[in-house]
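Keep the picture in view as you read.

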Amino acid sequence: MLVLSRKKNESIVINNDITIVVVEIRGDKVRLGVEAPKEVPVHRREVYDAILRNEAQEKAGADSPSSEG
C-alpha cells in the first residue's frame with residue numbers, strides 16, 4: 001500500500017484520469033473528492049462489498065438447479 005500525506009486542497013492522480021482531492025479535514029474525518037470518467041465506478045468500500053455480495057448471491061441462485069420440472 002502506498003501511503004501519502006496531503007493537506008486540504010491537495011490531490012493525487014491515479015492512471016492519468018482519476019484525481020482524488022482532499023476537500024476538508026475536520027477532526028478525525030477527511031472529506032475526499034473523486035474526479036473520474038463516467039465509466040469508472042467509484043464506491044465507498046462498504047457499498048462495494050455489498051455489491052459483490054449481491055452479485056455472488058445472484059450467481060449462486062442462477063447456478064443452482066431450478067425446481068421447475
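The largest pocket has a lining made of Ile12, Ile14, Ile20, Leu32, Val34, His43 and Arg44. What is a pocket here? On a 1 Å grid over the protein atoms alone, a pocket is an open set of points with protein on both sides within 12 Å along at least five of seven lines, and a lining residue has an atom within 4 Å of a point. About 270 Å³ of space lies in the largest pocket, where volume means the space filled by probe spheres set on the points, with grid points joined across faces, edges and corners.

This is a predicted model, in which local features need pLDDT of at least 70, side-chain atom pairs count only at pLDDT 80 or more, and totals for chains, interfaces and linings use all residues. Residues are numbered from 1 along each chain as its sequence is written, and side-chain values use heavy atoms, with hydrogens and water left out.

Back to that lining: sorted by class, it holds five nonpolar residues, one polar and one charged. For the sorting, Ala, Val, Leu, Ile, Met, Phe, Trp, Tyr, Cys and Pro count as nonpolar, Asp, Glu, Lys and Arg as charged, and the others, Gly among them, as polar. Strand 1 (11–14) and strand 3 (29–35) each give at least two residues to the lining. Strands (E, at least two residues) and helices (H or I, at least four) are DSSP runs, numbered from the N terminus.

Two strands count as paired if DSSP finds at least two bridges between them.

Strand 1 and strand 2 (residues 18–26) run antiparallel and are joined by four bridges. Ile14 has Ile18 of strand 2 as its bridge partner, and Val13 is partnered by Thr19 in strand 2. Strand 2 and strand 3 are also antiparallel, and they pair over seven bridges. There, Ile20 has Val34 of strand 3 as its bridge partner, and both Ile20 and Val34 are in the pocket lining.

Next, the turns. Asn16 sits in the loop between strand 1 and strand 2, and Asn16 has a positive phi of about 65° without being a glycine. Asn16 is also exposed, at 77% relative accessible area. Exposed means over 50%, buried means under 20%, and partly exposed is in between (1.4 Å probe, protein chains only). In the segment before strand 1 you'll find Asn9, another non-glycine with a positive phi, about 75°; Asn9 is exposed, with a relative accessible area of 60%. The hairpin of strand 2 and strand 3 has two residues between the strands, and Gly27 in the turn has a positive phi of about 65°.

Finally, the charged side chains. A salt bridge is a side-chain nitrogen of Lys or Arg within 4 Å of a carboxyl oxygen of Asp or Glu, and the count comes to five. Here are some of them:

| Pair | Closest N to O distance |
|---|---|
| Arg26 and Glu24 | 2.5 Å |
| Arg45 and Asp49 | 3.0 Å |

Glu24, Arg26 and Arg31 are linked in a network of salt bridges. Arg26 is exposed at 59% relative accessibility, while Glu24 is partly exposed at 21%. Asp49 and Arg45 both lie in helix 1, four residues apart, about one turn of the helix. Asp49 is partly exposed at 26%, whereas Arg45 is exposed at 57%.

Technical notes
1 Å grid on protein atoms, 1.4 Å probe; cavity = no way out; pocket = protein on both sides within 12 Å on 5 of 7 lines; lining within 4 Å.
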